[in-house]
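Here is a friendly tour of the structure shown below. Have a look around it, then read on for the main points.

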Amino acid sequence: VVFVASVYLNIWFAAVLLVYFIFNILYSSVLKHIAVLDVISVSVSYVLRVVAGAVIISCPLSPWIVVCTFALALLIAIQKRRGELVSVTEGKSEGRKVLAHYSLDLLRDMAVCMGAVTITAYCLYTFQADVSGYMVLTIPFVIFGLLRYMLLAGTTGLGETPEEIVMRDKPMLIDMSLWAVACVVILYLL
């Protein structure tokens with residue numbers, strides 16, 4: 001029903017929705033069992049959501065926002081795996097079989113790498129922003145938010161639940177609010 005309705009709404013949106021559906025089946029049956037592809041697949045699903053959103057509102061899609069989305073989603077997926085592995089090593093849960101292919105050190109290194117890629121991609125996105133050159137002023141908020149997330153994911157035991165990190169940490173909430181306000185001011189008032 002949703003797919004049929006999406007065809008009437010926008011054919012390109014329907015195409016992205018179909019790819020997303022097929023990709024989810026592939027992820028559930030194969031990809032989630034293959035180390036590294038499991039976390040990359042999660043990231044691809046977020047990119048497909050961004051593409052679908054851009055298509056449905058007829059918004060041009062910046063390649064940098066795609067890279068930012070992919071890198072941030074990959075960072076979060078890696079931190080979730082790290083949180084799962086910590087739970088397994090502490091005997092709190094059995095965990096999924098794919099975790100046997102990861103180590104805490106490897107996942108930490110992967111997270112650091114993806115954090116750097118995310119920050120770099122966001123910087124490039126703001127440098128090339130068509131709407132306002134002032135978008136570069138939002139970079140410190142993004143850097144703080146990413147570093148704060150990595151700190152909390154690594155020290156609080158909440159790595160498996162990034163939504164709890166984001167929604168319960170006051171400095172993170174303040175940072176995200178300031179980022180949002182800065183974006184609104186830059187985009188609509190400057």
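Helices (H or I, at least four residues) and strands (E, at least two) are taken here as DSSP runs, numbered from the N terminus. With that in hand, the chain has eight helices and zero strands. This is a predicted model, in which local features need pLDDT of at least 70 and side-chain atom pairs count only at pLDDT 80 or more, while totals for chains, interfaces and linings use all residues. Residues are numbered from 1 along each chain as its sequence is written, and side-chain values use heavy atoms, with hydrogens and water left out.

**The chain as a whole**

- Read from the N terminus, the elements run α-α-α-α-α-α-α-α.
- Along the principal axes, the C-alpha atoms fill a box of roughly 50 × 40 × 25 Å.
- The chain has 190 residues, and 35% of them count as buried; buried means under 20% relative accessible area, exposed means over 50%, and partly exposed is in between (1.4 Å probe, protein chains only).
- Contact means heavy atoms within 4.5 Å. Among the contacts in the chain with a separation of 6 or more, 61% come from residues 24 or more positions apart.

**Helices H1 and H2**

- Helix H1 (residues 2-9) and helix H2 cross at roughly 150°, and their axes come within 6 Å. Axes are lines fitted to C-alpha atoms, for helices over the stretch in contact, and angles run from 0 to 180 degrees between N-to-C directions.
- H1 and H2 are therefore roughly antiparallel to each other. The cut-offs are under 35 degrees for roughly parallel, over 145 for roughly antiparallel and 65 to 115 for roughly perpendicular, with the rest oblique.
- The crossing of H1 past H2 is right-handed. A crossing gets that name if the near helix is turned clockwise from the far one by less than a right angle, and it is left-handed if anticlockwise.
- On the H1 side, the contact is made by Val-2, Phe-3, Ser-6, Val-7 and Leu-9, and on the H2 side by Ile-11, Phe-13, Ala-14, Leu-17 and Leu-18.
- By class, the contact of H1 with H2 has nine nonpolar, one polar and no charged residues. Ala, Val, Leu, Ile, Met, Phe, Trp, Tyr, Cys and Pro count as nonpolar, Asp, Glu, Lys and Arg as charged, and the others, Gly among them, as polar.

**Helix H6 and its partners**

- H6 has 17 residues and reaches 24 Å from its first C-alpha to its last, close to the 24 Å expected at 1.5 Å a residue. The expected span is 1.5 Å times one less than the number of residues.
- Which residues of H6 are buried? They are Ile-139, Val-142, Gly-145, Leu-146, Tyr-149, Met-150, Leu-152 and Ala-153.
- These buried residues of H6 pack against helix H4 (63-89), helix H5 (104-127), helix H7 (162-168) and H8.
- Helix H6 (residues 139-155) and helix H8 (residues 170-188) have axes 9 Å apart and pack at an angle of about 155°. H6 and H8 are therefore roughly antiparallel to each other, and H6 passes H8 in a left-handed crossing.
- Where H6 and H8 meet, Phe-141, Val-142, Phe-144, Gly-145, Arg-148 and Tyr-149 of H6 face Pro-171, Met-172, Asp-175, Leu-178, Trp-179 and Ala-182 of H8. That contact divides into nine nonpolar, one polar and two charged residues.
- H4 and H6 pack at an angle of about 15°, with axes 10 Å apart. That makes H4 roughly parallel to H6.
- The crossing of H4 and H6 is right-handed. Leu-72, Leu-75, Ile-76, Gln-79 and Arg-82 of H4 make this contact with Leu-146, Tyr-149, Met-150, Ala-153 and Gly-154 of H6.

- Ser-41 sits in helix H3 (residues 37-56) and is buried, with a relative accessible area of 4%.
- Neighbours within four places in sequence aside, Ser-41 is in contact with Phe-23, Tyr-27 and Leu-31.
- Most residues other than glycine have a negative phi. Val-36, in the loop between helix H2 (11-29) and H3, has a positive phi near 75° and is partly exposed at 37% relative accessible area.
- Ser-58 lies in the loop between H3 and H4; its phi is also positive, near 55°, and Ser-58 counts as exposed at 63% relative accessibility.
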